[in-house]
Amino acid sequence: MRAFVINKYAHPSLVHLSTDAPEPRPAGDELLVEVYSAGLNFFDILQAQGKYQNQPPFPFVLGSEYAGRIAADSPVPEGCPFKPGDRVFGYAQGVFADRVAASWKVMVPLPKSMSYDQGAGLHITWPTSYEALVGRAELKAGEWILVTAAAGGVGIAAVQLAKALGAKVIAAAGSPSKMEVAKRYGGADYVVDYTAPNWQKEVMAITKGKGVDVVYDPVGRIRDCLKCIAWKGRAVVVGFAGGQIEKLPLNLVLLKNIAVTGIHWGAYAKLEPQRIPVVWKELLKLFESERVKPVVYSEVYPLENLVDGLRALEERRTWGKAVIRVREDAESTVRAKL
């Protein structure tokens with residue numbers, strides 16, 4: 001079996017594709033899944049180097065987000081609603097491989113209208129953005145929202161979801177090409193370049209001096225965004241893709257009467273599991289209605305070129321969701337088109 005096996009901590013560029021990795025052995029609530037596509041995440045780069053909070057014992061296979069088909073020879077645990085041949089997506093350690101053992105409890109049916117490439121980027125990105133907007137920020141129709149890194153995986157999902165919720169969206173990105181992605185594929189109402197000096201003044205002008213009601217920030221730029229947040233605004237800390245954990249001036253939090261909240265979707269399985277099916281029910285309805293649609297980066301990498309994909313992600317050259325394709329799908333011609 002082909003797989004990217006980590007035997008010692010190293011940058012992914014130093015890891016080579018193994019062609020004789022052992023087949024996974026499902027146990028307990030696990031099914032055997034043939035991986036068709038897998039999503040690339042920044043934490044994959046960290047995990048390969050031993051810098052992530054979740055570090056499996058050696059040896060382990062890299063990758064966590066997948067879309068695939070339940071293998072014909074998969075066992076089916078008692079109570080499992082899936083059967084061999086079903087198209088699914090989910091989260092499991094070891095998806096940069098031909099096959100993976102994955103728990104059916106964190107598995108979701110892949111909508112018929114979606115390709116495996118599209119499905120590979122759903123399981124982390126979309127519920128994170130949905131819960132950040134609905135569960136944490138309580139975004140309402142007609143409100144203004146500022147989304148930073150709006151062309152990235154979670155950012156482009158947040159832009160689409162905010163529009164579907166009836167909000168007015170200002171997308172912030174760091175280059176003209178990414179601003180165009182946020183507008184064309186995300187549907188943002190306005191775009192701003194947050195590398196420009198005093199970019200917050202442009203946001204204030206767009207909102208006619210009011211400021212934005214909600215800030216959605218996966219980068220680590222909450223401090224900058226407080227200059228253009230409205231009275232009683234809500235700022236959601238989604239992540240620190242910029243590499244630095246922020247320290248906030250709490251006097252501004254007090255003076256503007258704002259709330260700063262966080263979203264850690266990965267903790268819901270342990271701390272609020274009852275919320276997970278609620279979020280997925282709403283998301284699947286939105287996907288079926290085609291009011292939102294996964295955006296896949298223009299270059300889909302084959303498994304053997306995983307290192308190239310992770311390098312492009314690390315260097316911030318990608319937009320939307322970067323994915324690798326493990327095997328071709330002979331039955332489907334549906335693809336995310338740019």
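Student: What does the secondary structure of the chain come to?
Tutor: The predicted chain has 11 helices and 15 strands.

Student: And what radius of gyration does the chain have?
Tutor: It has 20 Å. A compact globule of 338 residues would come out near 20 Å, so the chain agrees with that. Along the principal axes, the C-alpha atoms fill a box of roughly 60 × 40 × 40 Å.

Student: How much of the chain is buried?
Tutor: Buried residues account for 55% of the 338.

Student: Let's go to β9 and β10. Parallel or antiparallel?
Tutor: Parallel. Four bridges join β9, residues 168–173, to β10, residues 190–193.

Student: Which residue stands opposite Asp 193?
Tutor: Ala 173 does.

Student: Which hand does the β-α-β unit with α5 have?
Tutor: Right-handed. The unit is made of β9, helix α5 (residues 176–184) and β10.

Student: Switching to α3. How far does that helix reach?
Tutor: From first C-alpha to last, α3 reaches 16 Å. That is close to the 16 Å expected for its 12 residues, 125–136.

Student: What comes just after α3?
Tutor: Glu 138, with a positive phi of about 55°.

Student: Now rings. How many aromatic pairs does the structure hold?
Tutor: It holds 11. One of them is Tyr 185 with Trp 319.

Student: Why is the Tyr 185 and Trp 319 pair called stacked?
Tutor: The planes lie at 10°, and under 30 degrees counts as stacked. The ring centres are 5.8 Å apart.

Student: Where do Tyr 185 and Trp 319 lie?
Tutor: Both are in loops. Tyr 185 is between α5 and β10, and Trp 319 is between α11 and β15. The pair therefore ties together parts 134 residues apart in sequence.

Student: Is Trp 319 buried or exposed?
Tutor: Trp 319 is buried, at 14% relative accessible area. Tyr 185 has 22%, so it counts as partly exposed.

Student: Which residues form an aromatic cluster with Phe 58?
Tutor: Tyr 9 and Phe 60.

Student: And which ring does the charged end of Arg 87 sit over?
Tutor: The ring of Tyr 116, at 4.9 Å from its centre. Arg 327 likewise lies over the face of Tyr 36, 5.4 Å from the ring centre.

Key:
Residues numbered from 1 in each chain as written. Predicted model: local features only at pLDDT ≥ 70, side-chain atom pairs only at ≥ 80, totals over all residues. Heavy atoms only, no water. Pairing = 2+ DSSP bridges. Helix = DSSP H or I, 4+ residues; strand = E, 2+ residues; numbered from the N terminus. Right-handed = clockwise from strand over helix to strand, strands pointing away. Expected span 1.5 Å × (residues − 1). Phe/Tyr/Trp six-rings, centres within 6.5 Å; stacked < 30°, edge-to-face > 60°. Buried < 20%, exposed > 50% of the residue type's maximum accessible area, 1.4 Å probe, protein only. Lys NZ or Arg CZ within 6 Å of the ring centre and 35° of its normal. Rg over C-alpha atoms; globule rule 2.2 N^0.38 Å.
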